[in-house]
Amino acid sequence: MAQQDGTRDVTLETPLHALLANKRRVSALKKLGVLDVRDALTYYPFRVTDPVPVRALVQAQPGLKEKMACAVRVRSVRVSPMNARAGYRVEVLVDDDEFAATLHVRGSLATLVFFSHRKSYVDWLAGRLRVDGHVVIAGDPTMYMDRLQFTHPELLTVGGANLRADVSTVAEGLQRVCRPRPVYHANSRISSEHIHDTILYVLRLLAGEDPATAMHADDETAQPHMRTLYAENPQIREHLDAAIPDILPGNLLAELNLMHRAQAFSQIHDPDSVGAFTQAITTMRYEEAFVCQTALIRARHDAREHNAYVCSDVQLRDEYIDTLPFVLTKGQREVVDEISHDMCQDHPMQRLLQGEVGSGKTVVAVSAMLQAVGSGHQAVLVAPTQVLAEQHYQSISNVFNRAPVLLLTGGMKLAERRKVLGTAASGEPCIVVATHAAFSKSFQAPNLALAVIDEQHRFGVEQRETLRSKSDVDPHLLVMTATPIPRTAAMTWFGDLDISWLTELPGGRKPIQTVVIPEENAPLMAEMFWHIRHRIDAGERAYIVCPRIEESTEDAEGGESGGDARADSDDGMLLSDEDLGETNARAPLHSVHEISERLQSLPQFQGVRFCELTGRDDDETKERVMAEFASGQTPVMVATTVIEVGVDVPQASCIVIFDADRYGLSQLHQLRGRVGRGGTHSWAFLVSQAEPNSIAEQRLDVIAHSLDGALIAQKDLELRGAGDVLGDTQSGGRSSLKLLRVVKDAAMITDARKRAELLLDADPTLEHHTQLAGAVLDFSRGNERFLTSN
């Protein structure tokens, strides 16, 4: 679409394929998730280069690999064909007599050298480098044949048609070449420089430039960069501000010394200085924090406007608590009372229950479900794995017989499944324990008063919303996680929920002893296996955890291999050698089948039966394997992280985790929590291939010396980032958060939340903040998978 002045009407929603003639570049950008102008502007550089120093040729320092910039005049151009394979060599003799005089030093000669297979490129280059024309160059100086030489330097031609320039034009060209340059994450299909060129192009189009002028702005003349255009040209500033309106309120920008949005994008992608780039990034980071917190606060407020079933009958709940063979901890009692109070309200509860492994979250959840059923309604408990769902079903069935307790899984026989679905659809008061099958369209529960989601980080916001559509009114919502999440992270990811914390372990639980075992230490490995044998002989059980199912698996279970390998596992989050600071090639990851066969051949395990459990096993196999392990028929289980959550075998006292250095700390903490649940002494052995003094070794040292889940999670955030702690797609790459960091930006998040609350108190519907309202809506729509299911 063209305007009357010939410029193209470009908006943030304009797709790049409508602007770029180079379809290869469009395709390469699409691979990076950059589809339209908005994506381009928010494809942020991960750093900026230092400013390039301006020097005369005589001041060059060859051999130091230090880039420099200089203004030169072309003396001669020679194109030499080499052999058929090598293509062409372009040799350009230049001097800096005029520029050196301004610096009060003598002029000098240098050679610019270019190589190319393409005759078209050589012709284009020769056209730019005309004799007596002025050029600004930037590159690494070297010496060749006793003469200063620049190989493939960056070029900027300055001047008019005759390519001769005055002092001011040369100075403008030097400023342009020397300023800090943004550096982007790129790949083999597109370079950082081409990404930069594309973003500058769309910025110039948004500023109202003619497409033909904008496309060649970097090729033919030393035009002012975006920052200068924005600062000095009112028309350009008006165009950009209209195309990229502010989202944050004006008074907030002024109070916090933040840039206007258009100015910030200009400074990020075409920075005037490193300081200006930093201020611009801070502006956009605060914008993310403010939009995120505004969206979460509004979601929480909107939920309170909905109706919910009032569940005030606590008789069944109290009878259940009285029959427990132990006394609830003070923390459990407090959380039960908090939930009970919420469920007595006529608006839906939205509560996150976070607790240490073994802190008794399941007891709290069952108490809440019995309050719902006792009040004449239905409750559903959604578990992330078949194994965990079956364990919940058995434990609840054993203590409750006053109403139906139903199990719903994807692997059920059709007749059984129809019976469960029919009971739920009838509205009869009952408890349904389910896997992902609860999210299917066939599951309807019109009398659903409470939805409990176990292991929240495994399910997404979209699935939470799905459960709300199952009932005639919004059900109360209780989501639980044993993954320790620091409060700053919880504020960011679960800001629409009230949060309860269980930090006190039930009586009788003994601390788990954690030992790091270097795999190359054969005597120590042997001693570990003898220790496990002694515990087995004493009637206890042992888990052996491996990241792979079998040796031929390309990736760890849960990785990119797809298919059934993804089931019940988070191993797709295994860290790379680069993440761990290792440089040497390491042995392949261990697999379940390999380790099972190797251990059974050891003298320590002669006469001991082994079993295997992976996410690929069918439901019947999982049920049989767990039963044999729990009974002691097969006291050693070799498994993937399918056992990570919910598996509860009180006799299990030892767990060995192979390739422990490749897991996140929070995941290791989860796995460690599978043992010691019966009050016995327990051990966690972390078998590692980490290099000495590597980041991986430092990480294992953290978990070996701490049982504090919150501290471990904080370290995990610091060492790996929020996405790895909370789920493999939660770190911004697939959400609207691209800059915000939950650890480093904790103070910013807190400040943004306070200011967002004040703004919403004054303007609950954001009627007077149209751009912010739109951004909040976009954030909400773009983050259905913000907490994605694995």
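A salt bridge is counted here where a side-chain nitrogen of Lys or Arg lies within 4 Å of a carboxyl oxygen of Asp or Glu. The exercises below apply this and related rules to a predicted model.

**Exercise 1. Salt bridges and their surroundings**

Determine how many salt bridges the rule gives, and state whether Arg535 is buried or partly exposed.

Solution. By this rule the count comes to 26 salt bridges. One of the pairs is formed by the side chains of Arg535 and Glu540, with 2.8 Å from N to O. To place the two partners, take buried to mean under 20% relative accessible area and exposed to mean over 50%, with partly exposed in between. Arg535, at a relative accessible area of 24%, is therefore partly exposed, whereas Glu540, at 10%, is buried.

**Exercise 2. Salt bridges within a helix**

Find the helix that holds both Arg624 and Glu628, and then the helix that holds both Glu757 and Arg753.

Solution. Begin with Arg624 and Glu628, whose closest N and O atoms are 3.7 Å apart in a salt bridge. Both residues belong to helix α23, where they are separated by 4 residues, about one turn of the helix. Arg624 is partly exposed because its relative accessible area is 44%, while Glu628 is buried, with a value of 16%.

Now turn to Glu757 and Arg753, which form a salt bridge with closest N and O atoms 3.9 Å apart. Helix α28, residues 746–762, contains both of them, again 4 residues apart and about one turn of the helix. Here Glu757 is partly exposed, with a relative accessible area of 35%, and Arg753 is buried, with a relative accessible area of 12%. Elsewhere, salt bridges that share partners join Arg73, Arg75, Asp95, Asp97, Glu98 and Asp132 into one network.

**Exercise 3. Aromatic pairs**

State how many aromatic pairs the structure holds, and classify the pair of Tyr43 and Tyr184 from its geometry.

Solution. A pair of aromatic rings is described by the distance of the centres and the angle of the planes. The structure holds 7 aromatic pairs. In the pair of Tyr43 and Tyr184 the ring centres are 6.3 Å apart and the planes stand at 15 degrees, so the pair is stacked. This pair links distant parts of the chain, with Tyr43 in the loop between α2 (37–41) and β1 (47–48) and Tyr184 in the loop between β9 (182–183) and α6 (192–206), 141 residues apart. Both Tyr43 and Tyr184 are buried.

The pair of Phe529 and Phe605 is edge-to-face, with 5.7 Å centre to centre and 70 degrees between the planes. Distant parts of the chain are linked here as well: Phe529 lies in helix α21 (residues 522–537) and Phe605 in the loop between α22 and β19, 76 residues apart. Phe529 is buried at a relative accessible area of 6%, and Phe605 counts as buried at 1%. Together with Phe610, Phe529 and Phe605 form one aromatic cluster.

**Exercise 4. Partners of β2**

Identify in which sense strand β2 pairs with strand β5 and with strand β3.

Solution. Strand β2 (residues 68–81) and strand β5 (residues 134–139) run antiparallel and are joined by 6 bridges, with Val72 standing opposite Val135 in β5. β2 and strand β3 (residues 88–95) also pair in the antiparallel sense, over 8 bridges, and Ser76 stands opposite Leu93 in β3.

How values were computed: Residues are numbered from 1 along each chain as its sequence is written. This is a predicted model: local features need pLDDT of at least 70, side-chain atom pairs count only at pLDDT 80 or more; totals for chains, interfaces and linings use all residues. Side-chain values use heavy atoms; hydrogens and water are left out. Buried means under 20% relative accessible area, exposed over 50%, partly exposed in between (1.4 Å probe, protein chains only). Helices (H or I, at least four residues) and strands (E, at least two) are DSSP runs, numbered from the N terminus. Rings of Phe, Tyr and Trp (its six-membered ring) pair if their centres lie within 6.5 Å; planes under 30 degrees apart count as stacked, over 60 as edge-to-face and the rest as tilted. Two strands pair if DSSP finds at least two bridges between them.
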